[in-house]
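Hi,

Here is the structure I promised to pass on to you. Could you open it next to this message and follow along?

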Amino acid sequence: MYDIAVVGSGFAGSITAMIAKRLGLSVVLLERGRHPRFMIGESSTPLSNLLLEELAIRYDLPAIRPLTKWGSWQQHYPQVACGLKRGFTFYNHALGCPDIPDPTRRNQLLVAASPHDGIADTHWYRADLDAFLVDEAQNIGVEYVDGIKLDSYTALDGWAELAGAKDGRSTAIRARFVVDATGPRGFLHRVLNLSEATLTDYPLTEALYSHFSSVDRLRPHATSSEVPPYPVEDAAVHHVFDGGWIWMLRFNNGVTSAGVAATHQLAAKLSLKDGATAWHRLLQLIPSLEKQFIGAKAEQQFTHVKRLSFMSSDIQRERWAMLPSAAGFVDPLLSTGFPLTLLGISRLADMLQHDWQSPRFDERMKTYARQTSQEIEATARLVSALYANMNNFPVFTALSLLYFAAASFSETARRLEKPELASSFLLCDHPTFGPRCKELLARARQVETRMDADALIIDVMHAIEPLDVAGLCRQDRDNWYPVDAEDLFRGASKVNATRDDIERLLQRYRFYI
C-alpha cells in the first residue's frame, strides 16, 4: 500500500515518482517491460530543459540537473547516449523531383535554439536515459517493480487497487492516488475503457519509424558564402513535403532516429504498412535523403502506427490522473511532447506539495485536466494548420514562427522568473495572442489563393511582433534565425524587463562563451 503509484517508467513516470518521494510520500513505480528498451519521443527544446531544470532545483534532484544542457550532460554522464540539438532545421521537398540549389532560402527554415554547444539542447536516446532515470529513482528510495502486467483498476474507499500478474503470480497494489505515465492509449485508457476525444479539424495521420546506423551527413549545396546559424544536422531535422514530413535526430553513439509522419491519404499511397519496403520507396522520391541512407542499416524493426493522434475523453478522476503524455499525443512535429509533459509534471508536483490530502486537491486536479486538454487542443490546431500547408512552404514557415515566438517568449519570461507572463503552452491562454493565434490557424486551413497566403503571412507577423524577443520578424534574415543577444535587448520591454535585467539573464544563462 502506497501514497502514490506511478504506472509507466519512461522519463515522465520516473521524474514524477522521484518528486513524490522527495515530498515525503511513499511511492511505487510500475513497469510492464524491462529496461533498457527501444522508445521514441526523443527531442528536447529550450523550454523543456528549462522546466526540467526548475524541477531539479525545486525538488532537490541534483542528478537530473546536468541533463538539461549538452555541455553538462557530456561532463557528468558521457556514458548516457544523447544527441546535440542546436536548433530546428526544415527543408521543403517535392516528392519525385530532384532538389535544386536554394540561394534565396525559400525552401528552408533554420531556427537556432542556443548560441553555442555548451548550453545546447539534446536528443534523448531513450533506451539509455530512461534506464538511467529508473536507477536514480531507486537510489532515492522509490520502490520499482518491472515485468508487471496490470489489467484492472478498482476504486475502493479511500484507495485505488491495481491488479495484474508478475512472474505468473497474481499481484495487487493499493495506492491513495495513481498517476498514469504509460503514453497514448495506455493503461487507464485501456482498462477503464475510456473513449477518445475528437481533435477538431485534425487530419488522420500515420507514422513509420526506426533507428538506423551509418546514416551519412547532409551535404548542403554550396550556393552561398554565408554560414548557417548552426551545423544544420545538429538539430531536429524536418524534411517537409505535401502531406507529410520526415524527421532525423542524430545521437552521439552512431544511431540516428528517423521516421515519417503522413496523412492517411499519403500513407496509403506510400503503403506505410509495408515497413522497410515503404521507407525505401519514400527515400527514392527524395534524392538527397536517399543518398544519406545508401549505407544505412535499420537497427530496430520498423514500427508502423496506424493512427498517430490521440486524446482521451477523461484525463483525471477522483483517485487518478494521466500525465499529458498519456492524456494525448498530436505529432512529433516541433517537438511539443516534452514541454507539454513537463508542464503537466510541474503542475502535478505543485499540487502534491501544497494540497495533498486537502479539500483543494480535487478541484486543482480538475483545473489540471482542463489545462492539459486546452494545451493538447492548441497544439493540434497548430499542427493541423501546418499539415494543411505542407504544400505551401512560405505559409508553413510563417505558421512555424507562431510556435517559435510563443516558445522563445515563454523561455525568456521563465528565465526572468516571471512565469505568470507565460503560464500556458503556446501561450494558448494569453489574452491577445491566444485568441489571435486560434483565428489565424483556422484561416490557415482554408488558404486557397496566393492572395490568401500573402495576407495570412502578414497577419501572422503582426501577431508575433508584440511577443517577438528572438528577431523572428526581421525580414533580412531570410529564414535563418540565429540566437542573438541584441534581439533580447530590443525585446526587453515585452517581458517587462530592462536592459540590465537581460544582461544578468545572459550572464546567468552562460550565453557568452
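First, a word on naming: helices (H or I, at least four residues) and strands (E, at least two) are DSSP runs, numbered from the N terminus. This is a predicted model, in which local features need pLDDT of at least 70 and side-chain atom pairs count only at pLDDT 80 or more, while totals for chains, interfaces and linings use all residues. Residues are numbered from 1 along each chain as its sequence is written, and side-chain values use heavy atoms, with hydrogens and water left out.

A cavity is a set of points, on a 1 Å grid over the protein atoms alone, where a 1.4 Å probe fits but cannot get out; lining residues have an atom within 4 Å of a point. Grid points are joined across faces, edges and corners, and the volume is the space filled by probe spheres set on the points. On that basis there are four cavities of 30 Å³ or more. The largest cavity holds about 410 Å³ of space. It is lined by 25 residues, and Ala113, Ser408, Glu411, Ala470 and Val483 are the closest to its centre. S5, helix H12 (393-415), H15 and helix H16 (499-509) each give two or more residues to that lining. H12 gives the most, with seven residues.

Next, helix H4. H4 is mostly covered, with 10 of its 14 residues buried; buried means under 20% relative accessible area, exposed over 50%, and partly exposed in between (1.4 Å probe, protein chains only). Among the buried residues of H4 are Leu129, Phe132, Leu133 and Val134, and also Arg126, Asp130 and Glu136. What covers them? Taking contact as heavy atoms within 4.5 Å, the cover includes helix H1 (11-22), strand S2 (27-30), helix H3 (70-76), strand S6 (121-124), strand S7 (143-145) and helix H10 (337-355). Just after H4, Gly141 takes a positive phi of about 110°.

Strand S6 has a residue of its own to look at, Thr122. At 0% relative accessibility, Thr122 counts as buried. Leaving out residues up to four places away in sequence, Thr122 touches a list of residues that includes Glu42, Asn49, Leu67, Trp70, Trp73 and Cys82. The side chains of Thr122 and Trp124 are joined by a polar contact of 3.1 Å. (A polar contact is a pair of N or O atoms within 3.5 Å; within protein, one must be able to donate a hydrogen and the other to accept it, and residues adjacent in sequence count only if both atoms are side-chain atoms.)

His35 and Pro36 are joined by a cis peptide bond, with omega about -5°, and Pro36 is found in the loop between S2 and helix H2 (46-58). Ser271, in the loop between helix H6 (264-270) and helix H7 (276-283), has a positive phi near 50°. Asp478 also has a positive phi, about 50°, although it is not a glycine. Asp478 sits in the loop between helix H14 (450-464) and strand S21 (480-481), and it is partly exposed, at 39% relative accessible area.

Finally, the salt bridges (a side-chain nitrogen of Lys or Arg within 4 Å of a carboxyl oxygen of Asp or Glu). The count comes to 39. In one of them, the side chains of Arg86 and Asp117 meet at 3.0 Å, N to O. Arg86 lies in the loop between strand S3 (82-85) and strand S4 (87-92) and Asp117 in the loop between strand S5 (108-112) and S6, so the pair ties together parts that are 31 residues apart in sequence. Arg86 is buried at 7%, whereas Asp117 is partly exposed at 35%.

Another salt bridge pairs Asp487 with Arg477, the closest N and O atoms being 2.8 Å apart. Asp487 is in helix H15 (residues 485-490) and Arg477 in the loop between H14 and S21, 10 residues apart. Both Asp487 and Arg477 are buried. Through shared partners, salt bridges join Arg474, Asp476, Arg477, Asp484, Asp487 and Arg490 into one network.

Best wishes

Technical notes: 1 Å grid on protein atoms, 1.4 Å probe; cavity = no way out; pocket = protein on both sides within 12 Å on 5 of 7 lines; lining within 4 Å.
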